[in-house]
Amino acid sequence: MASNTVFIAEFLLFGAVALGWAAWEYWSIRPGKADRKPPADAPAPHARDLPEGPGHPER
């Protein structure tokens, strides 16, 4: 097999493995359909119930 053919085959194989790994990582961290929206019977959160932000160090 010519050197160029081996190089191209290795390049395509590595690209396919890298894209497959990236797709698997993305698929494993994305939320399920049940996690995407709150249940319909859950009340909307009020501003007083939300946690405070980190704020500024000057305060």
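Is F7 buried or exposed? Select it and look. F7 is exposed, because its relative accessible area is 56% and anything over 50% counts as exposed. Keep in mind that this is a predicted model.

**Stop 1: the whole chain.** Zoom out and show the chain as a cartoon. Its secondary structure comes to 2 helices and 0 strands. The chain exposes about 6200 Å². Carbon and sulfur atoms supply 66% of that area. Of the 59 residues, 0% count as buried.

**Stop 2: helix α1.** Select residues 3-29. This is helix α1, with 27 residues. From first C-alpha to last, α1 reaches 39 Å, close to the 39 Å expected at 1.5 Å a residue. Helix α1 is hardly covered: its count of buried residues is 0. F7, from the opening question, lies in this helix.

**Stop 3: two rings.** How many aromatic pairs does a search of the whole structure find? The search finds 1. It is formed by F7 and F11, and the pair is stacked. The ring centres are 6.4 Å apart, with 20 degrees between the planes. Why are these two residues separated by about one helical turn? Because they are 4 residues apart in helix α1. An α-helix has 3.6 residues a turn, so residues three or four places apart point the same way. Like F7, F11 is exposed.

**Stop 4: the patch.** Together with F7 and F11, they form a nonpolar patch on the surface. Colour these four residues on the surface view. Their accessible area together is about 480 Å².

Definitions and conventions. Residues numbered from 1 in each chain as written. Predicted model: local features only at pLDDT ≥ 70, side-chain atom pairs only at ≥ 80, totals over all residues. Heavy atoms only, no water. Expected span 1.5 Å × (residues − 1). Buried < 20%, exposed > 50% of the residue type's maximum accessible area, 1.4 Å probe, protein only. Patch = residues over 30% accessible without salt bridge, like charges linked within 9 Å, V, L, I, M, F, W, Y side chains within 5 Å. Areas by Shrake-Rupley, 256 points an atom, 1.4 Å probe, with all protein chains shown as cover. Salt bridge = Lys/Arg side-chain N within 4 Å of Asp/Glu carboxyl O. Phe/Tyr/Trp six-rings, centres within 6.5 Å; stacked < 30°, edge-to-face > 60°.
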